[in-house]
Amino acid sequence: MGDRGGAGGSRRRRTGPRTASGGSGGGGTVGSQTEEELRAAAGTGAGAYAGGGGDTRAAAPALTQAPSAEGDGEGAGPPDLRCHRVQESLFSSASGFSNYRGILNWCVVMLILSNARLFLENIIKYGILVDPIQVVSLFLKDPYSWPSLCLIIVANGFALAAFQVEKRLAMGSITERAGMLLYVANLLTMLCFPAAVVFMVKSITPVGSAFALGIYTILFLKMFSYYHVNLWCRQHRTKSQAASGTKKANGDVVSKGVKYPANLTYKDLYYFLFAPTLCYELNFPRSPRIRKRFLLRRLFEMLFFTQLLVGLIQQWMVPTIQNSMKPFKDMDYSRIIERLLKLAVPNHFIWLIFFYWFFHSCLNAVAELMRFGDREFYRDWWNSESVTYFWQNWNIPVHKWCLRHFYKPVIKMGVSRWVAKTGVFLASAFFHEYLVSVPLRMFRLWAFTGMMAQIPLAWFVGRFLQGNYGNAAVWLSLIIGQPVAVLMYVHDYYVLNYEAQPTP
């Protein structure tokens, strides 16, 4: 009748007649038992074929019975031997597969190996260039002259002047118009005074002056917010007094919080000056305690990444920039592009480390010491599918300031959204140029041009590139755009300060 070589096949032939001869009332039960026996038999056969240790999950369904036609009295049909079904390959978007963790790990391993090769090549070619003592000379030319530190100390005077104006505005000693004029004069002096000192004092270094100007820029933004919020509080107090004397002076705080003008104290002022935020509030969110382990981890990261940044700049980036001067002088475009691409890797790597060092390690350490509760210093900018999303999420303190004190007030004045966004980019471009051109004592507008170029780039990416293509465009602009600006400034600084000097 058939082949008797397999036990599973013998069982199938013997169980078939019993299923057919079963009564109509018990046919379903016998049929289900037969199917279970078939599955068990298929599993036994697959286990025997695999030597008793194989996986039988894929083999068992392949030998189940095919459904018989309705009304067929001859019992179950032949076993179902199918092992295929309709499905997509994993790399196809229609498959819905998203677990590419192994490929990501492979990319990380390849990145480490490739950069290790570049590191060894750099060591073999240039030797050890890391010199911690040289870092001190970047901030000081004369050990007895500390102009950058003096500038930072003098910055307290501008903050105290703004505080005194606020006190008199709260008491009604001066009018709002007079207070606004005093604030404008104070804020303009806050930007012009350190720039004038940088140009007049020759002993100040570019790095030291850039650090001091960064402090003054932060102070400018903080004092602007300080004036704005206190102005809103005065306006709200005036409206509340006119409507009802029982309303709060600041309606967005809890009853136990500080109310205007009780916030006008030196303690409140200096807490805001040192807090890791640019936007002033009468009642900041506070964490319940200082987490010592968390703080120690952040401090260790600050120390480690500071040394790493210094080493990478001295060992990797400086030689590449120095070797880029001759192609620029000869206008050898192929060599310029090669130098640009070679500089892109260390520059971007250093930028990523700096981002983590500043926005995560430093700001979290300061926030932990001050028990500052709002720790959202950045969002997932690395997933940006548009240029606009990147600028809105990579630097949250600045984004909040621009949105709260520039964009929304301009929109309320009746200005269109496009003009308001352009104004935000103009302000950002000004401060980028201010922090680069003034310390270098030259004006080339490369940083300003780079920031303003973000407007057409944002339009192009948002219009023509979506999803992964948009994300790739954002990464490409970060990797290539920054080295271009760096090379432009270094080349112009080199030409202005070295080649332009007359030979003795």
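The following conversation walks through selected features of a predicted model.

User: Which residues make the nonpolar surface patch?

Analyst: Leu90, Phe91, Phe97, Tyr100, Ile103, Trp106, Val109, Met110 and Leu113 make it, and the patch covers about 930 Å².

User: On to helix packing. At what angle do H7 and H13 pack?

Analyst: Helix H7 (residues 206–243) and helix H13 (residues 396–412) pack at about 60 degrees, and their axes are 11 Å apart. H7 and H13 are therefore oblique to each other.

User: Is that crossing of H7 and H13 left-handed or right-handed?

Analyst: The crossing of H7 and H13 is left-handed.

User: And which residues make the contact?

Analyst: On the H7 side, the contact involves Leu221, Phe224, Ser225, His228, Val229 and Trp232. On the H13 side, Trp401, Arg404, His405 and Pro409 take part.

User: What about H13 and H14: how do their axes cross?

Analyst: Helix H14 covers residues 417–440, and its axis comes within 9 Å of the H13 axis, with a crossing at roughly 145 degrees. This crossing of H13 and H14 is right-handed.

User: Which residues meet there?

Analyst: Cys402, Phe406, Tyr407, Val410 and Ile411 of H13 meet Arg417, Ala420, Lys421, Gly423 and Val424 of H14.

User: Back to Pro409. What is it in contact with, leaving aside neighbours within four places in sequence?

Analyst: With those neighbours set aside, Pro409 is in contact with His228, Leu403 and Arg404. Pro409 itself is placed in helix H13.

User: How many residues along the chain lie between the positions of Pro409 and Ala420, and what separates their C-alpha atoms?

Analyst: Pro409 and Ala420 are 11 residues apart along the chain, and their C-alpha atoms are separated by 9.4 Å.

User: New topic: how many salt bridges does the structure hold?

Analyst: The structure holds 11 salt bridges. One of them joins Arg298 and Glu301, whose closest N and O atoms are 2.7 Å apart.

User: How are Arg298 and Glu301 placed in helix H9?

Analyst: Helix H9 runs over residues 292–322, and because Arg298 and Glu301 are 3 residues apart in it, about one helical turn separates them.

User: Lastly, the backbone. Which residues does the cis peptide bond join?

Analyst: The cis peptide bond joins Tyr260 and Pro261, with omega about 5 degrees. Pro261 sits in the loop between H7 and helix H8 (266–274).

User: And what is the phi of Arg371?

Analyst: Phi of Arg371 is near 55 degrees, a positive value in a residue other than glycine. Arg371 is found in the loop between helix H11 (333–370) and helix H12 (387–393).

User: Why point out these two features?

Analyst: Most residues other than glycine have a negative phi, and most peptide bonds are trans.

Terms used: Residues are numbered from 1 along each chain as its sequence is written. This is a predicted model: local features need pLDDT of at least 70, side-chain atom pairs count only at pLDDT 80 or more; totals for chains, interfaces and linings use all residues. Side-chain values use heavy atoms; hydrogens and water are left out. Patches are made of residues with over 30% relative accessible area and no salt bridge: like charges are joined within 9 Å, nonpolar side chains (Val, Leu, Ile, Met, Phe, Trp, Tyr) within 5 Å. Accessible areas come from the Shrake-Rupley method with a 1.4 Å probe; for residues, only the protein chains shown count as cover. A salt bridge is a side-chain nitrogen of Lys or Arg within 4 Å of a carboxyl oxygen of Asp or Glu. Axes are lines fitted to C-alpha atoms, for helices over the stretch in contact, and angles run from 0 to 180 degrees between N-to-C directions. Helices (H or I, at least four residues) and strands (E, at least two) are DSSP runs, numbered from the N terminus. Angles under 35 degrees count as roughly parallel, over 145 as roughly antiparallel, 65 to 115 as roughly perpendicular and the rest as oblique. A crossing is left-handed if the near helix is turned anticlockwise from the far one by less than a right angle, and right-handed if clockwise. Contact means heavy atoms within 4.5 Å.
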